[in-house]
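The tour goes from one selection to the next.

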Amino acid sequence: MADEHHATDYHAPVLVNEVLDWLNTADKTRFVDGTAGGGGHSEAILEATAPQGRLLAIDRDPRAVEEVKDRLSEYDQRLTVVCGNYSQTPQLLRQQRWEKVDGWLVDAGVSSHQLDDAQRGFSFRNPGPLDMRMGPDAESAADFLDRVDRDEFARVLREYGEVDRARSLASNILDARRDGRLETTTDLADLVEELRGQPEWKKPSIHPATLVFQAIRIAVNRELDHLEKAVESIPRVVAVGGRAVFISFHSLEDRIVKHGFRRMADPCVCPPDLPRCGCAAEPFGRVLTTRPVRPSEKEIEENPRSRSARLRVFEVTAEGRWPN
Ligand SMILES: C[S@@+](CC[C@H](N)C(=O)[O-])C[C@H]1O[C@@H](n2cnc3c(N)ncnc32)[C@H](O)[C@@H]1O
């Protein structure tokens, strides 16, 4: 099975067969993988499109870029790997002198390799620095905690982590940081556990610090901004007849993808009772997935980290136009 075949120690790719089907790899030749990670999806796309398919693989993490260049070196005639942000895909395509592509994959979020390496600071199972940067284009968690004010931090905790009583938690964390009591990931996790304990949380099965880490990670990497920008840039990346396949792991991300796809399918902003459209907007294409595609129970059993994956597909069918 493709999913097992492309799993590496670095990261087990999710929904591999579904990605290949929805990208329509059988008839197409030019692809972008915006989140190369360990190269599992990239490899699957290169194999499915042999011998003429070409792939531009992007990751903001220089270590992922090295991993993919190394692991997929046998495909170097057809594969170009660059370090960059997928929100800059139109510019990256231009730099490579590529035209628009037939298929664009974005598999948002962090890789298992990033999560499991304590030195990256994403997890609190072992002590690590307060870093959490996916790549050098982000701000470290330590710098974020040193500059953010209480109101902004409370908003981040509330919006990106759905944390209760966010203002008091934000104050306590920022005080501890200023007093020099917060140097490592485990310092932060221990502090949150001490302040909150398990039972008061909505999901008592998870460690109380999990959502705090998630919120800081989303903020320092500006994950939602990049995703929103990427969705909006689909018409500049994907050629007419091509498809964008976006996988997200968080309800906030999925909402951005869902609403962004809908806006491109129906960009008109005229009031519904207006007899004729006055904004001159024209659709860019259609949403192919009315509901998100989810991993099978078998896949979730084999790879529990796939359980929150949601895949949505947009097909570009026209040049389209945003409202005047
Ligand atoms: C879930 S992993 C992708 C795994 C990959 N599909 C595979 O098969 O191994 C997400 C990857 O996307 C990268 N990433 C996340 N946000 C990014 C962004 N805005 N621009 C470029 N890369 C990003 C992360 O550094 C990470 O390596």
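At roughly what angle do the axes of helix 8 and helix 11 cross? Select residues 150-161 for helix 8 and residues 210-220 for helix 11: the axes cross at roughly 105° and come within 8 Å. Helix 8 and helix 11 are therefore roughly perpendicular (65 to 115 degrees). Axes here are lines fitted to C-alpha atoms, for helices over the stretch in contact, with angles from 0 to 180 degrees between N-to-C directions.

A note on the model: it is predicted, so local features need pLDDT of at least 70 and side-chain atom pairs 80 or more, while totals for chains, interfaces and linings use all residues. Numbering starts from 1 along each chain as its sequence is written.

Now show the contact residues (C-beta atoms, placed from the backbone, within 7 Å). Helix 8 brings Val-156, Leu-157, Tyr-160 and Gly-161. Helix 11 brings Leu-211, Val-212, Gln-214, Ala-215, Ile-218 and Ala-219.

Next, select helix 4, residues 62-71. Ala-64, Val-65, Glu-67 and Val-68 are buried, with 20 or more other C-beta atoms within 10 Å of their own.

Last, select helix 12 (residues 223-232) and helix 14 (residues 251-265). Their axes come within 10 Å and cross at roughly 20°. That makes helix 12 roughly parallel to helix 14 (under 35 degrees).

How values were computed. Helix = DSSP H or I, 4+ residues; strand = E, 2+ residues; numbered from the N terminus. Parallel < 35°, antiparallel > 145°, perpendicular 65-115°, else oblique. Buried ≥ 20, exposed ≤ 12 C-beta atoms within 10 Å, placed from the backbone. Contact = placed C-beta atoms within 7 Å.
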